[in-house]
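Reader: I would like to learn how to read the features of a structure like this one. Please show me the model and then take me through it.

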Amino acid sequence: MPTKTVAGVTVDVNDEGFFTDPSQWTEEMAPELAREEGIDSLTDPHWTVIRFMRKEQAEKGTGPTVRGLGKTSGVTVKELYQLFPKGPAKIAARVSGIPKPRGCI
Amino acid sequence: MAHRIIILGAGTGGTLTANRLRREYGTDEATITVVDQDDQHVYQPGLLFVPFGLTRADDIVRPRHEQLHDGIGYHQSPIDRVDLDADTVHLGDGAELGYDLLVVATGAALVPEETEGLTGPGWGETVNTFYTLDGAKGLEQSLAHFEGGRLVINIVDMPIKCPVAPLEFAFLADWFFQDRKMRDRVEITYVTPLDAAFTKPVAAARLGGMLEERGIELVTEFNTGEVDGTGGRLVSYDEREVPFDLAVIIPLHGGQPYVGRSPGLGDELDFVPTDPNTLQTAARPNIFALGDATNVPASKAGSVTHFEGEVLVGNIVRFLAGETLDGSYDGHANCFIETGFGKAMLIDFNYDQEPVPGHFPSTVGMPLLKESRLNHLGKLMFQWFYWHALLPGRDIPGVGADMPTAGKQLS
C-alpha cells in the first residue's frame, strides 16, 4: 500500500492519494494537505467543512456527497465550490484525511 | 390475529409486493392495504419514447388500483407522515393506519426547484425533462418543431432513476434528426457530472465510444449550478458554460417529502437507509423498503425493484414468523439501452460485478453490451411482461433475482 509523509508523519494512502485510515490524520496536517490542492490558507468555513467531513465519516463510514454537504453542513453548495474548487467532496475529503467518498451509482 | 400490512406506494415495487404477499397469505392471515396519492400508474420506461413520437402518452398509463389483485385494499390519499414509535401512518385525508409491518415503496421524487433557474423562464418550453409525463409530452412538441441548433442533455447530479435513460435519449435524438434529414443542423451535447459517459468503467468506455461515433459531444464533471432559460445556457458551479437552444434536463432526485416529515425514517435526501441484502430498513425491524425509495447502492431501476421484490417478500414472511432474514439480494440489475435505428444493447450487473460483454441469461441468449435488433425487440416486449408478469408478481422464466454469470466474459 502506498504511503506519503504529511507534516513529518508517514500515513497510508490509496493510489489516488486519499487517506485509507482516518485515525492517522491530525489537524496539523490539514494546512499542508490543503496547499497540495491549491488552497493557500484554511479559513473558518473551511474548518466547518473539514470537521463535518470527519464527523460524517466517523458516523456513517463514508464522506458525504456535495449535495449532502450543502444540505447538512451549514455551507451552501455554491460556497463549497468557492472553498474547495474542482470538486468539494473529493478535495475536502483529501484535506480532511478521510477515504474517497463512495460515489453514487 | 391477522397481520396488518401497509404498503406505501402503488408503483412497480408496491404493486408487485402487494400481489406477491396476497398469494403468500390467506385473507384471514393478513390484511394488505396499499396507499398512493393518485390512480395513475405510469410505465416509466415508456417515457423515453414519447418525445420521439414512438409511443403515445396515453398508452403507458393505467389505473393503479386495477393492477392490484382481489383482497388488497387501496386507499387513495397523500401521505402526511409515519410515526415510527406508534407504528402508524398518518394520511393527508386525516386517516390513521396502524401496521404490524410497513413497506416503503414510494420511489424517488424530482426536485427541479433545487437547481437555480431550472423552473424559471423557459421551463416546459426550451428547458424540459422527459422524466415526467407532461415533460415528455412537451418535448414531443419541442422536437417536432425544432428547426436546428444546440440540443443539450444534462444530468444535474446523481442519483437518478434509470441512469442509462439520458444516454438513450441522446442516441434516439441522433436517430430522430437523421430520420428527418436534418442531423447536420443539430449539435447534440451530453453534459454529465460523472467523469465518463456512465458509472461503470467497461460500459462507460463502450457507451462513450458510441457517443463519439454519433458525433455527440461529451462534457464530463459538469456540476450544474444554474440553468439560464432566458440566456440559453447551463452554468456549472466552477463557472463553465454550455449554451443551448433546447435543454433536456434530468433534475435532482430525492425521496418523497413525507419521509422527511417522519423523524428517523430517511437520510438528508429523504431516501430510506435500507440493508442492501435483506431490504430491512435501518429505522425499525418492522419496516422494509424497496425500489427507488431506498439508499441501496444499486441503480434506481424497475429491474432492481423487481429482483428486490422476490427477496423482500420472502423476508417479510420470515420476519412475521419470527425467523432469521435471508440476506441474499445481490444488487442484480438488468437494463435495455435503446440505441436508435431499431437496435438496443443489454447490460446485466450487480453490486460486485460491473456490466461486461457476453450473453444473457446464459451462453446462448441476448447479446450483452452490444447493439442488436433482438435487444430492441426485447425492450418493446418488456412492456407486455411489465403489466402481465412483473406487476402481478410472477417470476419471469429464466430471469431470477440472482445475477447469472454463465455467458458473461469475466476477466
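Author: This is a predicted model. We can start with the inside of chain B: Ile155(B), Met158(B), Pro163(B), Tyr190(B), Thr192(B), Leu194(B), Ala197(B), Phe198(B) and Thr199(B) line the largest cavity.

Reader: How many cavities of 30 Å³ or more does the structure hold, and what volume has the largest?

Author: There are three cavities of 30 Å³ or more. The largest has a volume of about 40 Å³.

Reader: How do the residues of its lining divide by class?

Author: Seven residues of that lining are nonpolar and two are polar, with no charged residue.

Reader: Which domains does the assignment give for chain B?

Author: Domain bounds come from an automatic or database assignment. For chain B, domain 1 is made of two segments, 3–110 and 254–320. Domain 2 covers 112–252, and domain 3 covers 334–390.

Reader: How far apart are the C-alpha centres of domain 1 and domain 2 of chain B, and how many residues does each put into the contact?

Author: The C-alpha centres of these two domains of chain B lie 30 Å apart. Domain 1 of chain B puts 21 residues into the contact, and domain 2 of chain B puts in 23.

Reader: What area do domain 1 and domain 2 of chain B bury, and what polar links are counted between them?

Author: Begin with the area, then look at the links. Domain 1 and domain 2 of chain B bury about 1,900 Å² between them, with 77% of it on carbon and sulfur atoms. On the side of domain 1 of chain B that touches domain 2 of chain B, 15 residues are nonpolar, four polar and two charged. The count of salt bridges between the two domains of chain B is zero, while two residue pairs are in polar contact across their interface.

Reader: How many salt bridges are counted between chain B and chain A?

Author: Four salt bridges are counted between the chains. Glu114(B) forms a salt bridge with Arg67(A), and their closest N and O atoms are 3.9 Å apart. A salt bridge is counted within 4 Å, so this pair qualifies. There are also four residue pairs in polar contact between chain B and chain A.

Methods. Residues are numbered from 1 along each chain as its sequence is written. Chains are lettered from A and ligands numbered from 1 in the order in which they are written. This is a predicted model: local features need pLDDT of at least 70, side-chain atom pairs count only at pLDDT 80 or more; totals for chains, interfaces and linings use all residues. Side-chain values use heavy atoms; hydrogens and water are left out. On a 1 Å grid over the protein atoms alone, a cavity is a set of points where a 1.4 Å probe fits but cannot get out, and a pocket is an open set with protein on both sides within 12 Å along at least five of seven lines; lining residues have an atom within 4 Å of a point. Grid points are joined across faces, edges and corners, and a volume is the space filled by probe spheres set on the points. Ala, Val, Leu, Ile, Met, Phe, Trp, Tyr, Cys and Pro count as nonpolar, Asp, Glu, Lys and Arg as charged, and the others, Gly among them, as polar. Contact means heavy atoms within 4.5 Å. Buried area is the accessible area (1.4 Å probe) that two parts lose on being put together, summed over both. A salt bridge is a side-chain nitrogen of Lys or Arg within 4 Å of a carboxyl oxygen of Asp or Glu. A polar contact is a pair of N or O atoms within 3.5 Å; within protein, one must be able to donate a hydrogen and the other to accept it, and residues adjacent in sequence count only if both atoms are side-chain atoms.
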